[in-house]
Amino acid sequence: ARFPALGERLARLAGHAASVSDEIEALAAAQLERLGGGDPDTLSVSGLLALPEALYGAVLRRHARLLGVHPPGFHELQRIRAEVLLAKPDANPILRQDGFEYRRYRDRLYLLDQASTAPIGERTIEWRAGQPAVQLPGGLGTLALVDAAGNAVPAAVDLWVGWRRGGERIRPAGSAHTRELRLLFQEQGVPPWRRERIPLLWHGKELLAAVGVANSARMAQLLPEAELRLG
């Protein structure tokens, strides 16, 4: 009775808020495409930090929903900014939430399933001559040898697959010198957590390949007309 126009005003306010929300969502969609850089798991750190607060939150929440992750709330958004985006350049920050984790490497923010970042450890797998493929642990799938047409090629010699322990060296095809695997990872921008999950193909004590990073000249000699495929 004292405020007869209150209902009408509240309705107008709700409509205005909905309109603003729609505008922010439209802006967030455009920013998400711009900051993604072609990688659906990552966003530009510098780009996120340059956004206004409301748009920053909308972008991160939209990104999480697209990846099937529960969107971060207000406090999580503040922690992502303080603990991940603004961490020291040489840090390897991690913020875990509901089985997923936010990580940063160089100028990219990653949202990843925790299972996809777990190191494989010191496990090794034998790859006997005559076998075209081996099954890998940790959800990595199958490592296979195929020809140019994608047909399976059996291994010509006994091989084995392992993972990083530190100090590995390889002589990449076309190079006259061996290189530290650590330096090759840095040059190619491989994030630290992915380095621990990249299969290494060995023949005896000789490193033939870091899958997806480098193949040695020796691999072409031992396994002619064959390439590695992980999937």
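Analyst: What follows looks at the aromatic pairs, one after the other, and at the places in the chain that they join. The model is a predicted one, and in it the count of aromatic pairs comes to two. The rings of Tyr110 and Trp193 have their centres 5.0 Å apart and their planes at 85°, and because planes over 60 degrees apart count as edge-to-face, this pair is given that name. Tyr110 belongs to strand 4 (residues 108-113) while Trp193 belongs to helix 6 (residues 192-195), so the contact ties together parts of the chain that are 83 residues apart in sequence. Tyr110 is buried, with a relative accessible area of 6%, and Trp193 is likewise counted as buried, at 4% relative accessibility.

The other pair is formed by Trp160 and Trp202, whose rings are stacked, with 5.3 Å from centre to centre and 10° between the planes. This pair, too, links distant parts of the chain, since Trp160 lies in strand 8 (residues 159-162) and Trp202 in strand 11 (residues 200-203), 42 residues apart. Trp160 has a relative accessibility of 27% and therefore counts as partly exposed, because buried means under 20% and exposed over 50%. Trp202, by contrast, is buried, with a relative accessible area of 13%.

One further ring contact, of another kind, can be set beside these pairs: the charged end of Arg81 sits over the ring of Tyr56, at 4.2 Å from the centre of that ring.

Definitions and conventions. Residues numbered from 1 in each chain as written. Predicted model: local features only at pLDDT ≥ 70, side-chain atom pairs only at ≥ 80, totals over all residues. Heavy atoms only, no water. Phe/Tyr/Trp six-rings, centres within 6.5 Å; stacked < 30°, edge-to-face > 60°. Helix = DSSP H or I, 4+ residues; strand = E, 2+ residues; numbered from the N terminus. Buried < 20%, exposed > 50% of the residue type's maximum accessible area, 1.4 Å probe, protein only. Lys NZ or Arg CZ within 6 Å of the ring centre and 35° of its normal.
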